[in-house]
Amino acid sequence: TWIGLSLATGDEQYMEYGDREFWATTDYLMDPETSLFFRDSRYLEERDDDGSKIFWSRGNGWVYAGVVNILRILPQDHPLRPRYFDLYQDMSKTIAGLQHDNGLWRVSLLGGEKYAVPETSGSAFMTYGLAWGVNNGHLDSETYLPVVRKGWQALVNAVQDDGKLGWVQPVGFAPDSVFETDSHLYGVGAFLLAAEQMYRSKGSE
């Protein structure tokens with residue numbers, strides 16, 4: 001939003017502010033080993049029962065989709081762009097490697113069987129970001145397109161007979177339980193972002 005405001009007004013101060021705040025938050029909450037983000041400072045040292053770091057799927061999905069949206073509006077030759085692009089590529093590599101066998105991502109990205117239930121809101125953001133990268137030549141299609149297709153098929157399978165998207169973790173602030181009957185608008189919004197990129201991909205084939 002700050003970047004868009006600068007692009008609309010021609011006043012760089014909004015972009016400069018948004019960029020400064022983004023990287024201050026990233027420096028504080030991003031784990032350098034994985035390029036994933038802790039939800040907040042409470043989780044910097046906390047570990048789950050298996051000793052794994054806790055990275056909330058939807059929380060990281062918001063960051064990942066946000067970086068994509070920044071890259072979609074920043075001019076190609078803008079000096080701020082390379083740093084966001086590097087973060088996008090680092091996150092993409094980690095995220096693609098964490099896809100579950102069922103095509104979705106666990107509600108706690110590094111979590112074990114306790115977190116093995118499907119979750120569609122975070123997964124939709126991941127699918128959106130990876131699909132955008134493949135569509136625009138930023139990610140290798142041989143490596144990432146199978147991940148995208150598997151994620152999208154799993155999301156489609158989560159749409160119930162009445163049209164409701166299931167397996168959306170309810171409002172929260174950390175990985176938590178989720179059931180097939182759970183749905184929410186933010187999950188549907190993420191699903192539509194992924195759908196947009198799948199539509200664009202189909203049109204380019």
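This is a predicted model: local features need pLDDT of at least 70, side-chain atom pairs count only at pLDDT 80 or more; totals for chains, interfaces and linings use all residues.
## Nonpolar core

The largest nonpolar core holds 52 residues, and the members that touch the most others in it are Y88, I95 and L130. Two or more residues each are given to this core by helix 2 (12-29), strand 2 (36-37), helix 3 (57-73), helix 4 (81-97), helix 5 (120-135), helix 6 (141-157) and helix 7 (185-204). Helix 5 provides the largest share, 8 residues.

The contacts of I95 can be listed by residue. Leaving aside residues up to four places away in sequence, I95 touches L36, Y64, W105, M126 and L130. One of these partners, L130, is itself among the members of the core that touch the most others. As a general point, nonpolar side chains tend to be buried together in soluble globular proteins.

## Helix 2

Helix 2 is made of 18 residues, and its first and last C-alpha atoms are 26 Å apart, close to the 26 Å expected at 1.5 Å a residue. Its buried residues are M15, G18, D19, F22, W23, T26 and L29. Viewed down the helix axis, these residues fall within an arc of 140°, so they line one face of helix 2.

The buried residues of helix 2 are covered by elements that include helix 1 (2-9), strand 1 (30-31), strand 2, helix 3 and helix 4. On the face turned away from the buried side, helix 2 carries the exposed residues D27 and Y28.

## Largest pocket

The largest pocket contains about 280 Å³ of space. Its lining consists of 13 residues, of which T25, L29, F37, G59 and V63 are the closest to the centre of the pocket. L29 is also one of the buried residues of helix 2.

At least two lining residues come from each of helix 2 and helix 3. The largest share of the lining, 5 residues, is supplied by helix 2.

Helix 3 has 17 residues and spans 25 Å between its end C-alpha atoms, close to the 24 Å expected at 1.5 Å a residue. Its buried residues are S57, R58, G59, N60, G61, Y64, A65, V67, V68, I70 and L71. Among them, G59 is also one of the lining residues closest to the centre of the largest pocket, and Y64 is touched by I95.

Helix 6 has 17 residues, which should span 24 Å at 1.5 Å a residue; the distance between its end C-alpha atoms is 23 Å, in agreement with that value. The buried residues of helix 6 are Y144, L145, V147, V148, G151, W152, A154 and L155. V156 also lies in helix 6. With a relative accessible area of 35%, V156 is partly exposed. The C-alpha atom of V156 is separated by 21 Å from that of N60, a residue 96 positions away along the chain.

## Loop residues with positive phi

S35 has a phi near 60°, a positive value in a residue other than glycine. This residue is placed in the loop between strand 1 and strand 2. S35 is buried because its relative accessible area is 9%, and the cut-off for buried is under 20%.

W167 likewise has a positive phi, near 60°, and is a residue other than glycine. The loop that holds W167 runs between helix 6 and helix 7.

Conventions
Residues are numbered from 1 along each chain as its sequence is written. Side-chain values use heavy atoms; hydrogens and water are left out. A nonpolar core is a set of buried Ala, Val, Leu, Ile, Met, Phe, Trp, Tyr and Cys residues joined through side-chain atoms within 4.5 Å. Buried means under 20% relative accessible area, exposed over 50%, partly exposed in between (1.4 Å probe, protein chains only). Helices (H or I, at least four residues) and strands (E, at least two) are DSSP runs, numbered from the N terminus. Contact means heavy atoms within 4.5 Å. The expected span of a helix is 1.5 Å times one less than its number of residues. The arc is that of the directions from the helix axis to the C-beta atoms. On a 1 Å grid over the protein atoms alone, a cavity is a set of points where a 1.4 Å probe fits but cannot get out, and a pocket is an open set with protein on both sides within 12 Å along at least five of seven lines; lining residues have an atom within 4 Å of a point. Grid points are joined across faces, edges and corners, and a volume is the space filled by probe spheres set on the points.
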